[in-house]
Amino acid sequence: MADCLFCKIRDGLQPADIVYQDEQVVAFRDLRPQAPLHDLVIPREHIATLNDLGPEHRELIGHMHLVAARLAREAGFAESGYRTVLNCNRGGGQTVFHLHLHVIGGGRFHLSGG
Ligand code: 5GP
Ligand code: ZN
């Protein structure tokens, strides 16, 4: 998608601190980190929201979580703990409409948010 910020990051057209990539996903540091660890895991495929996933994406969404766990482990948060967040549409807090899984660690979390 030509006008998508995260497609541009995937394609190297927009600078980002890439921490992991493979044939299915790219992961990079969030521009405005909410905690010491704040990465975003995106599918290479442009999928706008969680609503746009189909059964064909079953393996992909699982893989995104495995990558999230790997990033948290590598950053030293596997035992102490971390949070994954996937915001869907504006009411869910989504601002960039290319699916992304937040991986956040080292912050002070409450049960329901922030
Ligand atoms: P959302 O609110 O859509 O779930 O999260 C979007 C995230 O993307 C935010 O945490 C925001 O800081 C991050 N973000 C927005 N623009 C950029 C950018 O150009 N580069 C990077 N690395 N992160 C971005
Ligand atoms: Zn995109």
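Trainee: Which helix does Arg-10 lie in?
Mentor: Arg-10 lies in helix H1, which covers residues 5-10. Keep in mind that this is a predicted model.

Trainee: What makes the approach of the Arg-10 side chain to the backbone oxygen of Arg-44 a polar contact?
Mentor: The cut-off for a pair of N or O atoms is 3.5 Å, with one able to donate a hydrogen and the other to accept it. The side chain of Arg-10 reaches the backbone oxygen of Arg-44 at 2.6 Å, so the pair counts as a polar contact.

Trainee: Which residues is Arg-10 in contact with, leaving aside neighbours within four places in sequence?
Mentor: Arg-44 is one of them, and Val-26, Ile-42 and His-46 are the others. Contact here calls for heavy atoms within 4.5 Å.

Trainee: Why is Asp-52 called partly exposed?
Mentor: Its relative accessible area is 43%. Buried would need a value under 20% and exposed one over 50%, so Asp-52 is partly exposed.

Trainee: Where is the place of Asp-52, and which residues does Asp-52 touch, not counting those up to four places away in sequence?
Mentor: Asp-52 is in the loop between strand E3 (37-43) and helix H2 (58-74).

Trainee: Why does Asn-89 get the label partly exposed?
Mentor: Asn-89 has a relative accessible area of 33%, and the label applies between 20% and 50%; therefore Asn-89 is partly exposed. This residue sits in the loop between strand E4 (82-85) and strand E5 (101-105).

Trainee: What is phi of Asn-89 near?
Mentor: Phi is near 65°, a positive value in a residue other than glycine.

Trainee: How do you know that the radius of gyration agrees with a compact globule?
Mentor: For 114 residues the globule rule gives a value near 13 Å, and the protein has 14 Å, so the two agree. The C-alpha atoms fill a box of roughly 40 × 30 × 25 Å along the principal axes.

Trainee: What pattern does the protein follow along the sequence?
Mentor: The order is α-β-β-β-α-β-β, from 2 helices and 5 strands.

Trainee: How much of the protein counts as buried?
Mentor: Of the 114 residues, 37% do. As for contacts with a separation of 6 or more, 54% come from residues 24 or more positions apart.

Definitions and conventions
Residues numbered from 1 in each chain as written. Chains lettered and ligands numbered in written order. Predicted model: local features only at pLDDT ≥ 70, side-chain atom pairs only at ≥ 80, totals over all residues. Heavy atoms only, no water. Rg over C-alpha atoms; globule rule 2.2 N^0.38 Å. Buried < 20%, exposed > 50% of the residue type's maximum accessible area, 1.4 Å probe, protein only.
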